Amino acid sequence: MSTFPARAVVDLSAVRANARTLGDLAPTAQLMAVVKADAYGHGLLPVARAAVEGGAAWLGVAQVGEALALRAGGITARVLAWLYAPGAPLAEAVAADVDLSVAAPWALDEVAAAARATGRTARIHVKVDTGLGRNGIPPADLPALLDAALRLEAEGAVRLVGLWSHLAFADEPGHPSLHAQADALHAAVADAEARGARLEVRHIAASASTLTDPALHLDLVRPGIALYGLTPVPQLGGPERFGLVPAMTVEAELATVKRLPAGHGVSYGHHYVTAQDTTVGVVPLGYADGVPRHASGVDGLPGAPLGVAGRRLAIAGRVCMDQVVVDLGPDATEVAGDRVVLFGTGADGGPTAQDWADAAGTISYEIVTRLGARVPRVYVDGGRAVSGAARVAEEVR
Ligand SMILES: *Cc1c(COP(=O)(O)O)cnc(C)c1O
């Protein structure tokens, strides 16, 4: 038995199929699979490889360190890193052929210095703040940054590959700001080209616009959450609506199963009290593992759902650091060691990451990305165990 009584089983065939589906949805654009934050908790390198197999020509990450980890893992696809502070290891990134976003004059200076230090040309994508009000150069400051970038291009220090932006309301398809932001990016592109830029890619769409608005696909789309089979627009329906399959199933073995009498408090603060003589089970995952404490079953409301032998139950009482309790009911036949599914594909009515997000008042992104480092990731490929993970996957089935 593996030493930890729970795991996230990641189906790489689902990642591969989702990448293909996203590529088919945006046939005129290149596909950048976003694998930041340890591939949204699914594991950077296995997911990156599967995404490339599924047709992603590009991988997107926030941090430079994440880009370097992809290269160290032997990934040769184009990689873009877009979030760094002064002093980041940009020379290493340029030497590793990582494309870098530039959103401020200091960043252009540091990229140029990195290029000179390595003797290579740095590939840059200038990020424009077309309205999000987060990262990106304000349009008023763009002309000076473009001129500086094009002077460096003439010297051979940089190559201005792309102009890009990010949307504020992509999860509200049809919101008027979406096309206003795209128009602002198009205006920036026209300005850049008038100044002599020869861009390879213009991009603005993450998952939501990849799924819902072809007019925003431009030359390249950057889906993250959809690659993992989750939807950024749950109000339009589940992942199956877009042909996506959730890649991660989080499951555990019941650690303790025992009888409790009616009227017995459960977990810290006794926020759940048994209504009858019943059987409870201890699930060995808690907030240290990413189970949101907001998913507790308190104040008479059920906590986040748990799938137990085809039944849909719920967390009873407070989520603790390492464990939660489930009321298995008076007629339970479960024993210690039986399997509990926290969330998975949702096939057969089982709980999903979206159900967990709803229960915790958050979005599915947060449910998967906050899964704790303590929880082992086990890889399967369409039900087959992946080598290396084979032994543990075999043992837990
Ligand atoms: C995270 C991120 C994405 C991917 O977003 P999803 O909504 O997960 O598809 C794309 N672009 C940028 C700039 C991001 O930060």
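Predicted model: local features only at pLDDT ≥ 70, side-chain atom pairs only at ≥ 80, totals over all residues.
I take helices (H or I, at least four residues) and strands (E, at least two) as DSSP runs, numbered from the N terminus. Residues are numbered from 1 along each chain as its sequence is written, and side-chain values use heavy atoms, with hydrogens and water left out.

**Entry 1. Helix 7**

I began at the end of helix 7, where Gly156, just after the helix, takes a positive phi of about 90 degrees. I then checked the length of the helix, taking the expected span as 1.5 Å times one less than the number of residues. For the 14 residues of helix 7 (residues 142–155) this should give 20 Å, and the end C-alpha atoms are 20 Å apart, which agrees.

For burial I use relative accessible area: buried is under 20%, exposed is over 50%, and partly exposed is in between (1.4 Å probe, protein chains only). Leu142, Leu145, Leu146, Ala148, Ala149, Leu150, Leu152 and Glu153 are buried in helix 7. An α-helix has 3.6 residues a turn, so residues three or four places apart point the same way. Contact means heavy atoms within 4.5 Å. The cover over the buried residues of helix 7 includes strand 5 (99–102), helix 6 (105–118), strand 6 (122–127), strand 7 (158–164) and helix 8 (176–194).

**Entry 2. Helix 4 and its crossing with helix 3**

In helix 4 (residues 64–72), I find Val64, Glu66, Ala67, Leu68, Leu70 and Arg71 buried. These buried residues pack against helix 2, helix 3 (44–53), strand 3 (58–61), strand 4, helix 5 and strand 5. Just after helix 4, Gly74 has a positive phi of about 90 degrees.

At what angle do the axes of helix 3 and helix 4 cross? They cross at roughly 70 degrees and come within 10 Å. Axes here are lines fitted to C-alpha atoms, for helices over the stretch in contact, and angles run from 0 to 180 degrees between N-to-C directions. Angles under 35 degrees count as roughly parallel, over 145 as roughly antiparallel, 65 to 115 as roughly perpendicular and the rest as oblique. Helix 3 and helix 4 are therefore roughly perpendicular to each other. At their meeting, Leu44, Leu45 and Ala48 of helix 3 face Glu66, Ala69 and Leu70 of helix 4 in contact.

**Entry 3. Aromatic pairs**

Rings of Phe, Tyr and Trp (its six-membered ring) pair if their centres lie within 6.5 Å; planes under 30 degrees apart count as stacked, over 60 as edge-to-face and the rest as tilted. I searched the whole structure and found 5 aromatic pairs. One of them joins Tyr40 and Tyr365, a tilted pair at 6.2 Å centre to centre with 35 degrees between the planes. Tyr40 lies in helix 2 (residues 36–40) and Tyr365 in helix 11 (residues 364–369), so the pair ties together parts 325 residues apart in sequence. Tyr40 is buried at a relative accessible area of 6%, whereas Tyr365 is partly exposed at 28%.

The ring centres of Trp82 and Trp164 are 5.4 Å apart with the planes at 50 degrees, so this pair is tilted. Trp82 sits in the loop between strand 4 (78–81) and helix 5 (90–95), and Trp164 in strand 7, so that the pair links parts of the chain 82 residues apart. Both Trp82 and Trp164 are buried.

Lys127 lies over the face of Trp164, 4.3 Å from the ring centre. The criterion is NZ of Lys or CZ of Arg within 6 Å of the ring centre and within 35 degrees of the ring normal. I also note that Tyr40, Tyr228 and Tyr365 form one aromatic cluster.

Most residues other than glycine have a negative phi. Ala39 is not a glycine, yet has a positive phi of about 50 degrees. Ala39 lies in helix 2 and is buried, with a relative accessible area of 0%. Tyr40, also not a glycine, has a positive phi of about 50 degrees.

Leu220 is placed in strand 9 (residues 220–221) and is buried at 0% relative accessibility. Not counting residues up to four places away in sequence, Leu220 touches Ala29, Gln30, Met32, Trp58, Val201, Arg202, His203 and Ile204.

Gln354 lies in helix 10 (residues 353–360) and is buried, with a relative accessible area of 19%. The C-alpha atoms of Gln354 and Ser364, 10 residues apart along the chain, are separated by 5.1 Å. Beyond its neighbours within four places in sequence, Gln354 is in contact with Thr231, Pro234 and Ser364.
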